[in-house]
Amino acid sequence: MDTHLVGIGVVARNCHGELIDGVHTTCRAGSALEAEARAGIETCFLAQKLTHFPIIIESDSKCLIDAIKSPSNCNIWSIYHAVAKIKNSPSFRQRFVWSWISRKVNSAADHLASLTVRRMCPDVWINRPPSSLVGMDASGNEEQPTMDPSENEEQPSSGFEDVKVHIPRHGSFSVSDIEAMTFNTIDEAESLYTAYSVAVGFGIRKGDKSESNGLIRRREWVCNKEGTRKPNKSLEQRENSRYARRETRTLCGAKLRIGYSEATKVYVVKAFIPQHNQMLETSNKIPFIRTNRHVGEESLALTNTMTRVSIRPCHAYEYMVEQNGGYRRVGFTVKDLYNKIDQQRRTAPFESDSEGAFSYLNALAAKDPHFFCRFTADSEDRMVDMFCTYKTNVYNMPLVLFVGTNNHRGSLMFGDALLSDETVETYTWLLRKFLDSMNGKIPKALITDRDEAIRTSIRTVMLEARHRLCIWHIGQNANGHLKSVEKLKAFNKCIRKYQTVEQFDRLWPDMLDEFDLHDNDWINSMYEKRDKFCQPFFCDIFMAGMRSTQRCEGMNKDFKLVLSECKTLVQVVSLVDIPNENSRFVLR
């Protein structure tokens, strides 16, 4: 079983709620319940030394209290031996009364345990308790101070000078050690105080500074709960529906101030106040303090790489959580990751989104001499259409794909385009640019859906090409208009069967007579377009087995994995390359 280092804290109070004794230690436990059971054993050892009777032992673990008070043996194997040891203690039944209390009421012992596991407790702490524990009364509630924060500099330190704090990558320091420190740069001091805040359990903010002639003469860092929140007048209006956030400032006076020494040319500590007037965060909450959260360049690079292969940032974050062994070890939250991505996008080295897209396309053109790209601009010199249909970007521009097949019957993308609209004029411009990219060679045949604008554009630009309507879309429409299995079978036999035009002309009237479809408007309209979709009319031209836009729909599916409505233009033109590159190596 995996075990973790946990802190155990036990406090003893008299009938007036005053602290009279206590004990702290560390141990390894596989669960919180095991740690509570170990704390129960330490409580029995401490209680046997006291002379006040009867003794009420309180714990915030209801499961442990029920197991101890139960007349039968404990049925929880992980704490079986600990509960048996407690019940077999000499004064268990005569002197001890076990009772459950809430976690809030038991905050003093809980806070002592968190200080213990961070090596914050002196050997004998009861006579000089840590400053964060002094403000707790008998009920476990925290007393809010009303003094001015500047008065804290004159307050006694309650023995805190003797407490050595272990700061990772720096060592163990007492208050006097820190007060005697010198720093060559501001960053050195900030790095130390940041590491100190992580070890102790609080966040920091930059305070006042003074500089002259480009040199910072004084710099101060304060606890993130220093001062009070500035009043927000909008929240004071009753008609405003927003709720004010919870007040988090407590006038805490903890801080570190350094000043530049002209004599030694280094920064020296001018003031260091370690005392806090609020509860310090426990070890499981320290990583989530705002000042302790930071999205590193390696995490951002990993997220960008995963985004390019259709993995969303939130899923990339979950991968990093699993890789690092938990949320506390990642170093930031998923919201921080999204904020970092947005910051990266806003600070891109391009004046506009279209400029970034053109820079990417220019790079492709430098690598491929056959690369072709055309675009149009409006009167304000803004890009309107680009040839390089679903909405795939923040500008709501349709992406049009030109998909065909190679000599291995694999899907192949000839080109793509971002359009401002789907009108006849836009499609006409697009088809002409497509012909330019193909050196004026008109395709033998094209397959599209029933969009009237694209059909009109094809008749205008590619009159010599055979235009075929997607047979799948025709079948879907037939399902809604015929609504009969026998009718659908007869209709599909007419349009899908490999036969001659003469055979089609015999089957179609037979279908009309058999099902009395002479007055069906949809059937009559389909007959007028029979040369656009019926198989007998395309037997004289090579179609590579294609009768529908299925290949294009398959390519659309691949694009939907990497594109979404939130993508910018520069992201779209770069991500379009991924499915296109895959199609060159994967046969469909």
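**Loops and helix pairs, by question**

Visitor: Between which strands is the place of Asn213?
Guide: Asn213 sits in a loop; strands (E, at least two residues) and helices (H or I, at least four) are DSSP runs, numbered from the N terminus. This is a predicted model, where local features need pLDDT of at least 70 and side-chain atom pairs count only at pLDDT 80 or more, while totals for chains, interfaces and linings use all residues. Residues are numbered from 1 along each chain as its sequence is written, and side-chain values use heavy atoms, with hydrogens and water left out. The loop of Asn213 runs between β8 (204-212) and β9 (215-223).

Visitor: Is Asn213 buried or exposed?
Guide: The scale uses relative accessible area with a 1.4 Å probe and protein chains only: under 20% is buried, over 50% is exposed, and in between is partly exposed. Asn213 has 80% relative accessibility, so Asn213 counts as exposed.

Visitor: What is phi of Leu251?
Guide: Leu251 belongs to the loop between α9 (233-236) and β10 (255-261), and is partly exposed at 25% relative accessible area. Most residues other than glycine have a negative phi. Asn213 has a positive phi, near 55°. Leu251 is not a glycine either, and its phi is positive at about 60°.

Visitor: Which residues does Leu64 touch?
Guide: Leu64 is part of helix α2 (residues 62-69), and at 1% relative accessibility Leu64 counts as buried. Glu36 is 28 residues from Leu64 in sequence, yet their C-alpha atoms are 7.2 Å apart. Contact means heavy atoms within 4.5 Å. Not counting residues up to four places away in sequence, Leu64 touches Leu33, Glu36, Ala37, Ser59, Ile79 and Val83.

Visitor: Which side chain has a polar contact with that of Thr333?
Guide: Thr333 lies in the loop between α11 (313-324) and α12 (334-346). Beyond four places in sequence, Thr333 is in contact with Phe288, Arg293 and Tyr317. A polar contact is a pair of N or O atoms within 3.5 Å; within protein, one must be able to donate a hydrogen and the other to accept it, and residues adjacent in sequence count only if both atoms are side-chain atoms. At 3.0 Å, the side chain of Thr333 has such a contact with that of Asp336.

Visitor: How is α10 oriented relative to α12?
Guide: Axes are lines fitted to C-alpha atoms, for helices over the stretch in contact, and angles run from 0 to 180 degrees between N-to-C directions. Angles under 35 degrees count as roughly parallel, over 145 as roughly antiparallel, 65 to 115 as roughly perpendicular and the rest as oblique. The axes of α10 (residues 297-308) and α12 are 11 Å apart, at an angle of about 80°. Therefore α10 is, relative to α12, roughly perpendicular.

Visitor: And how is α16 oriented relative to α17?
Guide: The axes of α16 (residues 471-482) and α17 (residues 485-496) come within 10 Å and cross at roughly 155°. With that angle, α16 is, relative to α17, roughly antiparallel.

Visitor: How far is Tyr498 from Cys534 in space?
Guide: Tyr498 lies in the loop between α17 and α18 (501-515), and at 60% relative accessibility Tyr498 counts as exposed. Leaving aside neighbours within four places in sequence, Tyr498 is in contact with Gln535 and Arg547. Tyr498 and Cys534 are 36 residues apart in sequence, and their C-alpha to C-alpha distance is 9.4 Å.
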